[in-house]
Amino acid sequence: MAETSLNATAAALLGLLHDGPMTGGQLMAEAERRLGAYWTMTRSQVYRELPVLAERGYLTLGKPGPRSSQPYKITAKGKKEFGKWLTEPAGRDQVRNPVVLRTAFSSLMPKAEKQDMYTEAVTYHNTALNEVREAAREAKKSGDESTATALEFAVGYHKAVLAWLKTAG
């Protein structure tokens, strides 16, 4: 498969725009409706990507509103708020899987490219599964139970993706 300069957020926006023109707010709503179960985008990501996509010629925008560009630096108050955030509950998981995202738009892909995507994903996840299993064994052997436990999550993740790929391909 050919590489592209698009990041996943930009690609998702372009995929959604296949349905017709949408404002940033409409894109946010459509992304939540169609992709939210496995892919999330923030409003800031959407509004950051839209002008980049227009600049690259990948889409056209209507008349833009006033936009100012300014650098940001975290303040002491910002650091304090961040510290508070670190101690709050983490919230729900955010699943972002590029193969699942592309599958959502796979009706727009040639069949051979879709199969290549799944084949590459199976190869990747099998390799990653073997690597993470070995890393978990090594962590257990060295007595690092926290790392071993975290690695077991990755083992489960790769197993789950591989099981899904059997049904998707």
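The views are taken from a predicted model, in which four salt bridges are counted.

**View A. Salt bridge between Lys141 and Glu138 in helix 6.** The side chains of these two residues meet with an N to O distance of 3.6 Å. Lys141 and Glu138 are three residues apart, about one turn of helix 6 (residues 111–141). Glu138 has a relative accessible area of 39% and is therefore partly exposed. Lys141, at 67%, is exposed.

**View B. Salt bridge between Lys140 and Glu152.** The closest N and O atoms of Lys140 and Glu152 lie 3.6 Å apart. This pair links distant parts of the chain, with Lys140 in helix 6 and Glu152 in helix 7 (residues 145–168), twelve residues apart. Lys140 is partly exposed, with a relative accessible area of 43%. Glu152 also counts as partly exposed, at 35% relative accessibility.

**View C. Salt bridge between Asp19 and Arg34.** Here the closest N and O atoms are 2.5 Å apart. Asp19 sits in the loop between helix 1 (8–17) and helix 2 (24–35), whereas Arg34 belongs to helix 2; the two residues are 15 residues apart and join distant parts of the chain. With a relative accessible area of 53%, Asp19 is exposed, because the limit for that class is over 50%. Arg34 has 27% relative accessibility and counts as partly exposed.

Technical notes
Residues are numbered from 1 along each chain as its sequence is written. This is a predicted model: local features need pLDDT of at least 70, side-chain atom pairs count only at pLDDT 80 or more; totals for chains, interfaces and linings use all residues. Side-chain values use heavy atoms; hydrogens and water are left out. Helices (H or I, at least four residues) and strands (E, at least two) are DSSP runs, numbered from the N terminus. Buried means under 20% relative accessible area, exposed over 50%, partly exposed in between (1.4 Å probe, protein chains only).
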